[in-house]
Amino acid sequence: MIRGEQYALFPAAESYLILIRHGESMWNEKNLFTGCVDVPLTSKGVEEAIEAGKRIRHLPIDVVYISALIRSQMTAMLALTEHHCKKVPIIVHDETEQAKVWSQIYSEGTEMQSVPVIKAWQLNERMYGELQGFNKLETAERCGQEQVYKWRRSYDARPPNGESLEMCLRRAVTYFKEQIEPQLSSGKNVMVVAHANSLRSILMYLDKLTAEEVIHLELSTGVPMLYIYRENQFIRRGSPLASMENGVYAYTENLATYKQNLLDEVLDEVSL
Ligand SMILES: O=C(O)[C@@H](CO)OP(=O)(O)O
């Protein structure tokens, strides 16, 4: 029995929250401020998305949230091609009444074999204003390293006509609390694929980080982070099967056991 199927048999005392920053984008590769400019993944980013899918393939997923930007959407759909349940991820279109009617699935059986993927602009990357499109290194040479570091990592500094992390947090965490947390408390397992700063703002909420602590929080592209949601609490479980690369989010002390359990399941599956 795979962990996910075992889990489905018992009432939900807890549910899983998987967070993934999208894989490397074409502007990440060029080191350009991206924000809400809608650029695709590089081939490396595609590989990262598939690798992320391999790491979470045994974790139960009932609903997926993506931003309105293609790099988040590509990452989610590619990761789900690796999921053991082989359910079909289907992007929900309810932006208009017509979109809702035209995208309806009429076969109940087929619908049972799908995972709803919900698009939310509130999960978009923080809008970088007049920095969007400029090279980060060149901007640091032009405006000063200290200033650019503040714009990139502090809680309340706003890039010119852009969003501060605080402003991004207001929309992303509000959405998380109002739309995603109720899913978790009803026992649904959720995967969120978003962006460096929209996820940093959500992690501030989950881990109760201060404005000082969040400055040091860096997220790697395409590396899943896992939380267990239990009695309205979020327990961080690190990154399943991730290599111990720098900057990847915290690990739990029992990751070795967790990793071994997952590997055992994979070996069991292979030996079936
Ligand atoms: O340019 C961006 O949108 C972000 C994420 O790539 O950059 P930074 O990590 O510097 O906030």
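Student: Buried means under 20% relative accessible area, exposed over 50% and partly exposed in between (1.4 Å probe, protein chains only); which of these is Glu-218?

Tutor: Glu-218 counts as partly exposed, because its relative accessibility is 35%. Before we go on, this is a predicted model, in which local features need pLDDT of at least 70 and side-chain atom pairs count only at pLDDT 80 or more, while totals for chains, interfaces and linings use all residues. Residues are numbered from 1 along each chain as its sequence is written, and side-chain values use heavy atoms, with hydrogens and water left out.

Student: Ok, and what does Glu-218 pair with?

Tutor: Glu-218 forms a salt bridge with Arg-153, and their closest N and O atoms are 2.8 Å apart; the term stands for a side-chain nitrogen of Lys or Arg within 4 Å of a carboxyl oxygen of Asp or Glu. The pair links distant parts of the chain, 65 residues apart, with Glu-218 in the loop between α11 (211-215) and β6 (225-230) and Arg-153 in helix α8 (residues 145-153). Helices (H or I, at least four residues) and strands (E, at least two) are DSSP runs, numbered from the N terminus.

Student: And Arg-153 itself, buried or exposed?

Tutor: Arg-153 counts as buried, because its relative accessibility is 7%.

Student: How many salt bridges are there by that rule?

Tutor: The count comes to eight. One of them joins Glu-163 to Arg-171, with the closest N and O atoms 2.6 Å apart, and both Glu-163 and Arg-171 are buried.

Student: What about Glu-97, which residue does it bridge to?

Tutor: Glu-97 forms a salt bridge with Lys-100, where the closest N and O atoms are 3.8 Å apart. About one helical turn separates Glu-97 and Lys-100, because they are three residues apart in helix α5 (residues 97-102).

Student: Switching to the ligand, which residues come nearest to it?

Tutor: Of the 13 residues around the ligand, the nearest are Thr-34, Gly-35, Tyr-128, Arg-152 and Arg-153, a residue being near when one of its heavy atoms lies within 4 Å. A polar side-chain atom of Arg-153 lies 2.8 Å from an oxygen atom of the ligand, and a polar side-chain atom of Asn-197 also lies 2.8 Å from a ligand oxygen. Taken alone the ligand exposes 310 Å², of which the protein buries 97%, with areas from the Shrake-Rupley method and a 1.4 Å probe, where for residues only the protein chains shown count as cover. The elements that give two or more residues to the shell around the ligand are α8 and α10.

Student: Why is α10 largely enclosed?

Tutor: Helix α10 (residues 196-206) is largely enclosed by the rest of the structure because ten of its eleven residues are buried. Among them are Asn-197, Arg-200 and Leu-206. Just after α10, Lys-208 takes a positive phi of about 50 degrees.

Student: And what is Leu-206 in contact with, beyond its neighbours within four places in sequence?

Tutor: Leu-206 is in contact (heavy atoms within 4.5 Å) with Leu-17, Leu-19, Phe-176, Tyr-227 and Phe-234, leaving those neighbours aside. Leu-206 is also one of the residues with the most contacts inside the largest nonpolar core, which has 29 residues; such a core is a set of buried Ala, Val, Leu, Ile, Met, Phe, Trp, Tyr and Cys residues joined through side-chain atoms within 4.5 Å.

Student: Which element gives the most to this core?

Tutor: That is α9, with eight residues.

Definitions and conventions. Polar contact = N/O pair within 3.5 Å; in protein donor to acceptor, adjacent residues only side chain to side chain.
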